[in-house]
Amino acid sequence: KAIADNLTELTGGGMGLSLPLPAGSVIANTKFFYFSMFATLILIIIATYLLSISRFGYACRSIRADEESAKSMGINTTKYKIMAWMVSSVFTGLAGGIYAYWMSYIEPGAVFDMTIAIKSFVMFLLGGAGTVMGPIAGAFLIELVSTMIWSRLLNLHTAALGLIIIAIVLFMPKGFAAFIQGRLLNHLYPIKRKIKSGGTH
């Protein structure tokens with residue numbers, strides 16, 4: 001944030017930047033940005049899925065599981081981590097660029113808001129890290145919960161998000177999808193055993 005504040009010629013410094021409003025009516029602009037964001041979402045989902053089943057995806061998963069073991073197997077961990085950051089920054093920049101033009105104004109204090117980083121962390125943690133659709137489902141849930149909390153607990157909004165993180169780590173460390181799947185399997189397993197035992201008699 002301090003660097004962005006001092007790069008006045010590039011970022012506008014503390015004054016920020018006012019972006020030109022797109023031509024057209026309010027309804028047309030709203031539809032344009034809505035479909036732009038939706039297209040970006042579809043692009044990210046497809047790209048993430050393709051990357052997850054590629055050599056790059058397998059390397060990233062092995063690094064996440066155990067970086068030292070991945071390195072011992074000949075995986076260039078530094079290279080793949082840099083590539084992961086690059087892919088992430090491309091998609092973040094694309095979505096951020098659309099968002100900036102939709103807001104028509106950006107300034108360092110808004111884009112370096114700590115709440116954004118916290119919410120992003122909670123999204124993939126809630127949905128399930130290492131999955132394609134998990135963070136998307138987590139984003140929908142956290143935005144819904146966040147809006148409800150913000151409307152009722154304005155001064156404790158960030159603290160409430162922190163409590164959600166603690167609850168997820170304690171009760172759903174692998175995300176709600178894995179949690180629900182585990183509970184479902186635990187529920188179905190006794191039924192399956194009863195069916196098998198009944199079939200043997």
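This is a predicted model: local features need pLDDT of at least 70, side-chain atom pairs count only at pLDDT 80 or more; totals for chains, interfaces and linings use all residues.

**Cores, patches and ring pairs**

Tutor: Start inside: the largest nonpolar core has 13 residues, and the members touching the most others are Ile-118, Val-122, Ile-142, Leu-161, Ile-164, Ile-165 and Ile-168. Helices α8 (114-127), α9 (134-152) and α10 (157-171) are the elements that each give two or more residues to this core. There's also a second, separate core of 6 residues, including Phe-56, Ile-63, Ile-75 and Tyr-80.

Student: What makes Ile-136 buried?

Tutor: Its relative accessible area is 17%, and buried means under 20%, so Ile-136 gets the label. Ile-136 lies in helix α9.

Student: Which residues is Ile-136 in contact with, leaving aside its neighbours within four places in sequence?

Tutor: Leu-41 and Ile-45. As for Met-123, 13 residues from Ile-136 along the chain, the two C-alpha atoms are separated by 7.5 Å.

Student: Now the outside. Which residues form the nonpolar patch on the surface?

Tutor: Tyr-34, Phe-35, Phe-38, Ile-42, Ile-46, Tyr-49, Leu-50, Ile-53 and Tyr-58, with about 970 Å² of accessible area together. Helix α3 (residues 26-52) gives the largest share of that patch, 7 residues.

Student: Why is Phe-35 called exposed?

Tutor: Phe-35, which sits in helix α3, has a relative accessibility of 53%. Exposed means over 50%, so Phe-35 counts as exposed.

Student: And how do you know that Phe-32 and Phe-33 form an edge-to-face pair?

Tutor: Two checks. Their centres are 5.2 Å apart, and rings pair if the centres lie within 6.5 Å. Their planes make an angle of 70°, and over 60 degrees counts as edge-to-face. So Phe-32 and Phe-33 pass both. The structure holds 4 aromatic pairs, and this is one of them.

Student: What makes Tyr-34 and Phe-35 an edge-to-face pair?

Tutor: Run the checks on this pair: the ring centres are 5.2 Å apart and the planes are at 80°. That angle is over 60 degrees and the distance is within 6.5 Å, so the pair is edge-to-face.

Student: Why is Tyr-34 called exposed?

Tutor: Tyr-34 has a relative accessible area of 53%, and the cut-off is over 50%, so Tyr-34 is exposed.

How values were computed. Residues are numbered from 1 along each chain as its sequence is written. Side-chain values use heavy atoms; hydrogens and water are left out. A nonpolar core is a set of buried Ala, Val, Leu, Ile, Met, Phe, Trp, Tyr and Cys residues joined through side-chain atoms within 4.5 Å. Buried means under 20% relative accessible area, exposed over 50%, partly exposed in between (1.4 Å probe, protein chains only). Helices (H or I, at least four residues) and strands (E, at least two) are DSSP runs, numbered from the N terminus. Contact means heavy atoms within 4.5 Å. Patches are made of residues with over 30% relative accessible area and no salt bridge: like charges are joined within 9 Å, nonpolar side chains (Val, Leu, Ile, Met, Phe, Trp, Tyr) within 5 Å. Accessible areas come from the Shrake-Rupley method with a 1.4 Å probe; for residues, only the protein chains shown count as cover. A salt bridge is a side-chain nitrogen of Lys or Arg within 4 Å of a carboxyl oxygen of Asp or Glu. Rings of Phe, Tyr and Trp (its six-membered ring) pair if their centres lie within 6.5 Å; planes under 30 degrees apart count as stacked, over 60 as edge-to-face and the rest as tilted.
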